[in-house]
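Keep the structure in view as you read.

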Amino acid sequence: MTSNISPSTALLTDHYELTMLQAALRSGAAERRSVFEVFARRLPDGRRYGVVAGTGRFLEALKNFRFSDAEIDDLRERDVVDEATLEWLADYRFSGDIYGYLEGECYFPGSPLLVVESTFAEGVLLETLALSILNHDSAVAAAASRMTSAAAGRPCIEMGSRRTHEEAAVAAARAAYVAGFATSSNLEAGRRFDVPTAGTSAHAFTLLHDDEREAFTAQVESLGKNTTLLVDTYDVTNAVNIAVEVAGTELGGVRLDSGDLLVQAREVRAQLDSLGAKNTKIVVTSDLDEYAIAALAAGPVDAYGVGTSLVTGSGAPTAGMVYKLVQHSDDNGEMIDVAKKSKDKISVGGRKWALRRRNTEGVAEAEIIGIGTKPQDDGDDREMLVQLVQGGEVIVATGAKTARETHERSRAELPATVHQMSRGEPVIPTRYEGRGV
């Protein structure tokens, strides 16, 4: 059966984006030059830094943000907007410029993560597309970064596909890879984003066979001695003995998925060593989060498999980012700053610049955000905003591997307290400079 769904991303948006467009076209304000900004007013409670993720996915989605005949016909049939607006949408192509923090960068409250410069009409349509991608992916990446930090070099495996929506699972696998996870269980993430994938077997495979010896033999004969055998279906001690008997001391690894993982890991390590399998790795899974990973650091654990906590942002399933109009032209063509001033949702108007202030050793000290003229660089400041889109064309790499390298560098320049799992304030403060702040 052939699908009639268009590859366009234009309807991955909210109804009011189009009704705002219609009203702006009617008032004549639609063509005003405008600047929109994506930022988070605060980090999730107790978090010390955020991680930008999803930028590459957003930029690829922007390329397909087109209203084809299928989208126009659907909007007309449902009477979403009038004919004049439909005619405008049929010719829509984003032709503006976009600046932003590179994907993988760490960020802080107020950081201008994405700056969209265009007409009001072109820019307002991108709000939901940008926020739906960045909020999800950045939440997962922030959790993943805390987990890889706690793992202190031991590999983490993303395996949360069965705990979230099928498309969110693919995006989460990519975001986790950006933040340092070694592999994912999700094959679609491997195909779309070149995320390395891995996996061996579940309890069902052991239960299928008459006993563990038969199951382990089948797996080793099929996948080789370097495979990882799941040893907690029945009795762990007995299973480890059988695993080494079947695979020999060249057995790649054993996996523990239940019980007191720290105690079991120590017992299994001693058992493996006594059997001569001193190079056999111990992989632990079972509802891990960054705190559990940190606690297991004291044990002989070689790798961690993480699912539910990762794909749900470890208690913070959204990054809390917003998309706000911060500047637009007046009737004379002059740009004026605008900002929301409601009691609990105050924002700062004006087109921003952002610097990461560092000391002479290259360690970050503050996030400096300003409006107007940037201060003279004394050699220790790092420019944070990079042009991503020029004249509607994406001009940066959008791959996950590039973002992963950016994250490694960005996290490494933060103070050592970035690795603390205890709740606290952001690891560096945000400071505003310039007019009106």
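The structure holds zero disulfides, a disulfide being a pair of cysteine sulfur atoms within 2.5 Å. This is a predicted model, in which local features need pLDDT of at least 70, side-chain atom pairs count only at pLDDT 80 or more, and totals for chains, interfaces and linings use all residues. Residues are numbered from 1 along each chain as its sequence is written, and side-chain values use heavy atoms, with hydrogens and water left out.

Start with the cysteines. A disulfide is a covalent bond between the sulfur atoms of two cysteines. Cys106 is buried, at 0% relative accessibility (buried means under 20% relative accessible area, exposed over 50%, partly exposed in between, with a 1.4 Å probe and protein chains only). Cys156 is buried too, at 1%.

Now turn to charge. Side chains of opposite charge can pair when their charged atoms come close. A salt bridge here is a side-chain nitrogen of Lys or Arg within 4 Å of a carboxyl oxygen of Asp or Glu. The count comes to 26 salt bridges.

Take Glu105 and Arg382. Their side chains meet in a salt bridge, 2.7 Å from N to O. This pair links distant parts of the chain, 277 residues apart. Glu105 sits in the loop between β3 (97-100) and β4 (106-107), while Arg382 is in strand β16 (residues 381-383). Helices (H or I, at least four residues) and strands (E, at least two) are DSSP runs, numbered from the N terminus. Glu105 is buried, with a relative accessible area of 5%.

A second pair is local to one helix. Asp273 and Arg269 both lie in helix α12 (residues 261-274). They are four residues apart, about one turn of the helix. Their salt bridge spans 3.2 Å, N to O. Arg269 is buried, at 13%.

Salt bridges can also share partners.

One more pair remains to visit. Arg255 forms a salt bridge with Asp257, with the closest N and O atoms 3.8 Å apart. Arg255 is buried, at 14% relative accessibility, whereas Asp257 is partly exposed, at 22%.
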